[in-house]
Amino acid sequence: MSDVCILIPTLNEEETIGEVIEAFKQQGFDNIFVIDGGSTDSTREIAKQAGARVEIQRGKGKGTAIRQAFELIDSDVIVMIDGDGTYSPEEVQRLLDPIERGEAEQVIGNRFAYGGAFALLHRLGNKVLNKIFSIGYGIELQDILSGYRAFTKEAVRKMTLRREGFEIEAEMTVESVKKGIRLKEVPISYHKRRGKSKLNFLRDGTRITYTLYVLARTHNPVFYFGIIGSAFISTGLISGIYVVYEWLNGVTHVLLTVFTSLMIISGVQFLIFGLLGDLLVTLHRETIEAVKREGNRDRKMNSGVNRVNKAGDDTPATAMNMALKVPIATEKGLIHAVAQDHETGEVLMLAHMNEEALRLTLETGKAHYWSRSRSKLWRKGETSGNEQLVKDILIDCDGDSVLLKVEQIGGACHTGYRSCFYRRINGEIVGEKVFDPEERYGKKQDRKGV
């Protein structure tokens, strides 16, 4: 994979940054980007000498550095790795392989796969945070805080990142789950850090936990409101037990009884909020999925017209042959053209096309026809505004008819009906009238072919 950028956020990493860059260089990676958080040692100078592009970040924090770097990098794939020597550049291909095979859009290196050089508290803290993530987001991952990752450009574009500190890795993982970015973990080794660690167990652990909890609000409202509700109910139950115990001993606590009731009622309400929120989130996801499916279907239909347009660059005998790349049998230079609603399949009208009409249809994406009665080329809707936007074009087996799959604006029939086929053979009206033709065209105007 040629278009890969190695992203290395640094802060006082002069002991290791040169080795990390050199290890990537030896594997053929020349696009190395170092985003430095204001190092007071020789980190930047060493990185430049090693051949990396170096930028100084705006603001403070690893998250700020990563967000700034993502704005500056335009490569197809970004590999993020810490500059402290804890990760092995030689294992980078493990992260790139799933992306190259199309299996994932973000790949996370699992530091626990081979044990990893963790302090006891850090190992325990990571395990707890991974468990919180699996409960809150419904996905079992082993290492949501790994700093060795690979992303596609599209994955980076989809993520909305706001965190400024070490919680950025947690936010990346959460955003991938929320935005439907395909994730995959691969085993990596994790070495002991050289130099002083910048991670504060209590401070950063609290921030990461809070990040996981807050971001769950729009992904898993039951988890978010459930914790609040459970806390209120638990408080109410504890105070309630005390109130009942005192009452049995002849002591009445009126205010504490009111407090107990409020806690339990509020807790139940928070649980209900969670259930209602979960319903709204579910409906939102279903709506988004429906919009995506509709967009994919429209793109598929449009691609049919685009393929036909591209085919028109050659110069066979007729315009139909140029566009459709198949022999077409024509009578007096005309072919039948059936217009059909691209969504419902309803047949809207039957008309004719000559070479010029088909060419203009392909060029503009709007249906053009040839009027035999007036011996005139016309665009559907040029007078009435009832245009047909072409989504796809199909040709029949004999090569003498085309089917236009269209989005019909207004009615297709000059008599005011949605479809020209609005009545049965016995005269019964079965179609829907969508406009008044006299109001649209005037009483004496020839309405055919409008």
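Val20 is found in helix H1, which covers residues 17–26. The model is predicted. Val20 has a relative accessible area of 4%, so this residue falls under the 20% limit and is buried. Beyond its neighbours within four places in sequence, Val20 is in contact with Ile8, Gly83, Gly85 and Pro89.

His368 lies in strand E10, residues 368–371. Its relative accessibility is 8%, so His368 also counts as buried. A polar atom of the His368 side chain lies 2.8 Å from the backbone oxygen of Lys366. Residues up to four places away in sequence set aside, His368 touches Met353, Ala357, Leu360, Thr361, Trp378 and Arg379.

| Residue | Element | Relative accessible area |
|---|---|---|
| Val20 | H1 (residues 17–26) | 4% |
| His368 | E10 (residues 368–371) | 8% |

**The four-stranded sheet**

Four strands form an open sheet in the order E9-E8-E13-E12, and the pairing is mixed. Strand E9 (347–353) and strand E12 (388–395) each have a single partner strand, so both stand at the edges with one side left without a neighbour in the sheet. From one strand to the next, the twist averages 25°.

Inside this order, strand E8 (residues 335–341) pairs with strand E13 (residues 401–408). The sense is parallel, and the pairing runs over 6 bridges. Ala337 stands opposite Val402 in E13.

Helix H12, residues 355–364, lies across E9 and E12. The helix runs at about 120° to E12.

**The largest pocket**

Where is empty space left? Rolling a probe the size of a water molecule over the atoms shows this. The largest pocket holds about 1200 Å³ of space. It is lined by 48 residues, and the closest to its centre are Phe166, Ser197, Lys198, Leu199 and Asp204.

Which elements each supply at least two residues of the lining? They are strand E1 (4–10), helix H3 (62–72), helix H5 (120–137) and helix H8 (201–215). H8 gives the largest share of the lining, with 9 residues.

Terms used:
Residues numbered from 1 in each chain as written. Predicted model: local features only at pLDDT ≥ 70, side-chain atom pairs only at ≥ 80, totals over all residues. Heavy atoms only, no water. Pairing = 2+ DSSP bridges. Axes fitted to C-alpha atoms, helices over the stretch in contact; angles between N-to-C directions. Contact = heavy atoms within 4.5 Å. Buried < 20%, exposed > 50% of the residue type's maximum accessible area, 1.4 Å probe, protein only. Polar contact = N/O pair within 3.5 Å; in protein donor to acceptor, adjacent residues only side chain to side chain. 1 Å grid on protein atoms, 1.4 Å probe; cavity = no way out; pocket = protein on both sides within 12 Å on 5 of 7 lines; lining within 4 Å. Points joined across faces, edges and corners; volume = space filled by probe spheres on them.
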